[in-house]
Amino acid sequence: MPVTRSRRALFGTAALTLALSALVLTETAYAAKPVGSGKGANTEQSGGGDGNGIYAAARIQYSGSVAKGGGTGNVTSADVNWTPPPCWYAPYLGAKDFKEKMSKDIERELNTPGMGGTAGSAIGEKKRHYEDNYGWTDTPGYKDYNVENDGKGMFWAGVENPDEPDYLKRTSCTDLPFWVENGDAPPPQYEEAISPEILAALAYQHMQLPDTKVTLAPEADTKVNLPTWAWLDKAVFDEVQATAALNVPGFNIQATTTARPVSLKLEPGTKDAETYPASGECVINADKSIGEPYAKGKADQTPPCGLKYLRSSGDGTYKLQATITWEIGWAGTGGAGGDLPNGTFGNEQAVTVQEIQAVNR
């Protein structure tokens with residue numbers, strides 16, 4: 001009887017199944033953490049081995065405008081339905097190291113008291129899968145853990161995205177580890193296998209956009225019913241790039257995600273205000289600036305980008321929210337590329353609004 005992907009997942013999620021089917025990234029998505037980490041496992045990008053011959057080579061490197069320490073960046077997707085990949089499959093172990101790790105874990109599982117029924121059967125079939133060429137539809141089995149091909153490829157396994165808050169999503173890459181020859185693409189049935197597109201989404205997740213303080217005139221204290229001009233110069237309003245790369249023996253891919261500013265939205269922080277234009281959305285100019293700097297003699301003109309407060313802020317201030325929309329695109333290995341949902345990032349600025357004092361003579 002053909003065995004589908006659900007069978008592969010069953011093997012990966014049976015009781016006491018191998019923890020390596022859900023590798024965990026340490027340093028917030030900077031390095032894959034193999035089973036045995038904390039016990040001498042090596043997480044260096046170039047691979048290697050500890051005293052037990054165990055290593056992981058799936059290290060994602062980030063560069064460009066990314067959050068320090070590997071944390072999540074400050075971009076908010078304009079598409080509420082879009083999320084970064086919660087998990088993926090990536091290179092893990094060579095054949096000999098994989099055999100050493102997997103065979104020990106399988107024997108431990110089989111010898112666990114009370115391990116029987118469906119779980120015990122799944123573990124037995126997993127053992128046959130890696131030792132006795134037991135395979136199924138679109139998933140070949142292996143003889144002696146494919147040791148005869150050691151050095152010609154790697155077993156791949158699931159990797160969790162530690163910044164995914166949903167545990168079920170984060171741990172959903174449960175298929176058994178599978179073999180990929182050096183230079184080959186992963187089998188097509190593994191849709192979550194690491195790819196330039198997945199790297200682009202991860203670069204998006206870690207992208208750090210610059211703080212954007214809008215220039216105002218008047219700068220901090222304005223008057224009731226007096227137009228306040230707002231603008232952003234080209235020099236502080238340029239595109240931002242973040243790159244994610246995975247480089248292991250026989251498999252090297254990367255993707256660069258680029259954010260280009262396209263508009264600025266002003267929210268005055270009170271209903272007692274008007275914006276220019278009325279939508280509050282100031283579009284980018286031909287020279288890649290937004291708005292127009294205030295100059296002497298423009299006091300009675302309507303600013304192309306700005307706002308007007310209709311009521312005093314009293315003893316406090318209004319919190320002007322300036323949010324930039326960024327158009328997000330990416331390009332990666334092999335000419336791959338495309339678009340990602342627009343991103344947004346905003347700052348608050350305190351604005352004091354005073355009544356115009358009349359003078360009677």
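Two disulfides are counted in the structure, a disulfide being a pair of cysteine sulfur atoms within 2.5 Å. The structure is a predicted model, in which local features need pLDDT of at least 70 and side-chain atom pairs count only at pLDDT 80 or more, whereas totals for chains, interfaces and linings use all residues. Residues are numbered from 1 along each chain as its sequence is written, and side-chain values use heavy atoms, with hydrogens and water left out.

A disulfide is a covalent bond between the sulfur atoms of two cysteines. With bonded cysteines counted along the chain, the disulfides follow the pattern 1-2, 3-4. In one of them, the sulfur atoms of C87 and C173 are 2.0 Å apart. The torsion about the S-S bond of C87 and C173 is about 80°, so this disulfide is right-handed. Because C87 lies in strand 5 (residues 87-93) and C173 in the loop between helix 4 (167-170) and strand 7 (178-181), the pair ties together parts that are 86 residues apart in sequence. Helices (H or I, at least four residues) and strands (E, at least two) are DSSP runs, numbered from the N terminus. Both C87 and C173 are buried; buried means under 20% relative accessible area, exposed over 50%, and partly exposed in between, for a 1.4 Å probe and protein chains only.

C282 and C305 are likewise joined by a disulfide, with an S to S distance of 2.2 Å. This link is right-handed, with 90° about the S-S bond. Distant parts of the chain are linked by the pair, as C282 belongs to strand 14 (residues 281-283) and C305 to the loop between strand 15 (290-291) and strand 16, 23 residues apart. C282 is buried at a relative accessible area of 2%, and C305 is buried at 1%.

Side chains of opposite charge can pair when their charged atoms come close. In the whole structure, 12 salt bridges are found, each defined as a side-chain nitrogen of Lys or Arg within 4 Å of a carboxyl oxygen of Asp or Glu. One of these joins R108 to D105, at 2.7 Å from N to O. The two residues are three apart in helix 2 (residues 95-110), which means that about one helical turn separates R108 from D105. R108 is exposed, at 51% relative accessible area, whereas D105 is buried, at 4%. K101, D105 and R108 are linked in a network of salt bridges.

A further salt bridge pairs K127 with E107 (2.8 Å, N to O). This pair links distant parts of the chain, with K127 in helix 3 (residues 117-131) and E107 in helix 2, 20 residues apart. Both are partly exposed, K127 at 22% and E107 at 33% relative accessibility. K308 and E274 also form a salt bridge, at 3.7 Å from N to O. Here K308 of strand 16 (residues 306-309) is linked to E274 of strand 13 (residues 273-276), 34 residues apart.

The largest pocket has a volume of about 270 Å³. Of the 16 residues lining the largest pocket, T72, W82, T83, P84 and Q205 are the closest to its centre. On a 1 Å grid over the protein atoms alone, a pocket is an open set of points where a 1.4 Å probe fits, with protein on both sides within 12 Å along at least five of seven lines, and lining residues have an atom within 4 Å of a point. At least two lining residues each come from strand 4 (76-77) and helix 5 (196-206).

Definitions and conventions. Points joined across faces, edges and corners; volume = space filled by probe spheres on them.
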